[in-house]
Amino acid sequence: MEPSRRNFIKFVVAGSVAAGCPIDEALLAVPDSNAPGGALVHGEHFEICHHVRDGHQFERPDATRKAAIVIVGGGIAGLSAAYFLRGKDWLLLEKEPQFGGNALQEEFEGQIYGTGSAYAYHGDEGDQLASEIGLKLPFVNMPDPTIVNKTYVPDTWKTGLDQLPFPKEVRESFNKFRDDMMKIKLREKMAELDAQPFSNFTSAYAPEVQQWWDAFGPSNWGARAEESSAYVGLANAQDLISGGDAERAILPGGLGCITHKLVEVLQPKYKGRMLDNAAVVAVVQDKDAVRVTYHHEGKLTTVSAKAVLMCTPKHITSRIVIGLPSEQKTAMRHYRFAPYPVVNMIFDKPVYNRGYDNWCPGSAFTDFIVADWTIQKNPGYQQKHNILSFYTPLRELQRSTLLDEHDCKSLAARVLVDFQKLLPEFNIDAVEVRIYRRGHPMFMAVPGHYTKTRLAASHPMDRIFFGNSDSGGPESLTSEAVRLSKAGSEWAELLLAGKPGAKELAEKALAATPE
Ligand SMILES: Cc1cc2nc3c(=O)[nH]c(=O)nc-3n(C[C@H](O)[C@H](O)[C@H](O)COP(=O)(O)OP(=O)(O)OC[C@H]3O[C@@H](n4cnc5c(N)ncnc54)[C@H](O)[C@@H]3O)c2cc1C
């Protein structure tokens, strides 16, 4: 379906597909003739980014600035590290014009919605941080429905299994899957399960079972059953089946509500220490300091720090931290990332308010979320627009779709068409469709990632801590980003105070496996 057939709908494409750093081409030193080739891509946000990927060397001027701690990357990991370190001498560098990374909220005529990260779990590290900064995240209070074969099925994994619009033997297969999965002792077999694909556990059941997980997996951890770690798949299955989803809590804006509030809390006091449009191009550890070179306001500047918290994803970290041990660099490069646009549909009348997170196996999207779900029952609240956020994880080979605005709009048009096919009452056009594209936002929870790759990738160097949610797991979670940033801030404080134990503290935080 071409968007031209829907020209009356406004399609807006935003977001970066960048793998590296937007930077003025004139600032590049002579290209490294040994660098692997690769087409340069021109367009919004990612004109020069791929120079970093392709191994070009940047000038590294002498340090003209000092900070005790430099935090690289202003997603929830970097922002929460800055929050935990308030009162200390830190500098936060973020390449985009805004902070938030993958936890970013936007608004349409005053109504807030999320463009990525969706919800926290009550009491997790993200929720704890939210309440510390004055945000109360209401419970979602609604198990997930599935909409398939033109049928709405509430509470999929409990009462819903017997209502799925499939033949009896398929429904029985779903029930058997549920019972069998609950018998597996996850914690005892973590390494064994993490070494094999989740499809080893789904393939014995009706194909519809795997189709359901082939929506749930890509949406939550970037991978279909055959590419997912069985540990991750089973942990999620057990959580869902046993009602763990009752603990979900969030405000409109998804987890972007926390990054938005963190900026609100930090900026009035620390504005000069929070640089946006500041792309780091090199991080070099010397004996007593780390030199961090970044591009800001048209020039390269080097800041000398005693400690650095790398809060960037590993595919970027591996390219800007110079002198990584080779095994560690190899592990960082081993990460796989799912390209992942989110399509926000804005309707000027209520279209769907029946369920929060709605699973739609077999569609151009995996699920969709009602943006203002948890505040709809607040006294006096009136929904002006019904904003639905469609999750549209792509396969790695489809990443180039995001480089082309026309392809992005076609993708969004397909989402709208598939949505309208779900139920007869959905045959309504949106007033505006906003596509937020991200090229590498979510590490894929592939076999071996949790128990091997991320541990090998994330050991601290003497003065460099490797944070970001991709140092944790088992899937990409904001709670993990926050947990590791808390550890990173304690690590930095020990290091700066010259006290022992920093390395041990960091290693312990990496090895911890959250419940
Ligand atoms: C569609 C989607 C849905 C999700 N849903 C959930 C959910 O429901 N619950 C949940 O817990 N998690 C969810 N996640 C995962 C969650 O969003 C991430 O785990 C979390 O936001 C990552 O935060 P981070 O700070 O570790 O990394 P990022 O958000 O990746 O932040 C890294 C920051 O570093 C910046 N940066 C990169 N390179 C440079 C450079 N060279 N110099 C300076 N800055 C740089 C980037 O611009 C970015 O702002 C979802 C993710 C996606 C994509």
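Two rings of Phe, Tyr or Trp count as an aromatic pair here if their centres lie within 6.5 Å, with the six-membered ring standing in for Trp. Keep that in mind for the views below, which come from a predicted model.

**View 1. Eleven names, one aromatic cluster.**
Trp157, Phe166, Phe174, Phe177, Phe198, Tyr205, Trp212, Trp213, Phe216, Trp221 and Trp359 all belong to one aromatic cluster. Across the whole structure there are 32 aromatic pairs.

**View 2. Phenylalanine 198 meets tryptophan 213.**
Zooming in on one pair, we find phenylalanine 198 and tryptophan 213 edge-to-face, at 5.7 Å centre to centre and with 85° between the planes. Phenylalanine 198 sits in the loop between helix H5 (190-194) and helix H6 (199-202), while tryptophan 213 belongs to helix H7 (residues 207-221), so this pair ties together parts that are 15 residues apart in sequence.

Phenylalanine 216 is another buried residue, with 4% relative accessibility.

**View 3. Two arginines over tyrosine rings.**
Arginine 354 places its charged end over the ring of tyrosine 152, 3.7 Å from the ring's centre. Arginine 248 lies over the face of tyrosine 119, with 5.3 Å to the ring centre.

**View 4. Aspartate 367, buried without a salt bridge.**
Aspartate 367 is found in strand E18 (residues 367-370). This residue is buried but has no salt bridge. What is the nearest side chain of opposite charge to aspartate 367? It's arginine 248, and the distance is 7.7 Å. Aspartate 367 does have a polar contact, side chain to side chain, with serine 219 at 2.9 Å. Leaving aside residues up to four places away in sequence, aspartate 367 touches Ser219, Asp357, Asn358, Trp359, Ser389, Phe390 and Tyr391. One of these, Trp359, is also a member of the aromatic cluster in View 1.

Definitions and conventions
Residues are numbered from 1 along each chain as its sequence is written. This is a predicted model: local features need pLDDT of at least 70, side-chain atom pairs count only at pLDDT 80 or more; totals for chains, interfaces and linings use all residues. Side-chain values use heavy atoms; hydrogens and water are left out. Rings of Phe, Tyr and Trp (its six-membered ring) pair if their centres lie within 6.5 Å; planes under 30 degrees apart count as stacked, over 60 as edge-to-face and the rest as tilted. Helices (H or I, at least four residues) and strands (E, at least two) are DSSP runs, numbered from the N terminus. Buried means under 20% relative accessible area, exposed over 50%, partly exposed in between (1.4 Å probe, protein chains only). A charge sits over a ring if NZ of Lys or CZ of Arg is within 6 Å of the ring centre and within 35 degrees of the ring normal. Lys and Arg count as positive and Asp and Glu as negative; His and the chain ends are not counted. A salt bridge is a side-chain nitrogen of Lys or Arg within 4 Å of a carboxyl oxygen of Asp or Glu. A polar contact is a pair of N or O atoms within 3.5 Å; within protein, one must be able to donate a hydrogen and the other to accept it, and residues adjacent in sequence count only if both atoms are side-chain atoms. Contact means heavy atoms within 4.5 Å.
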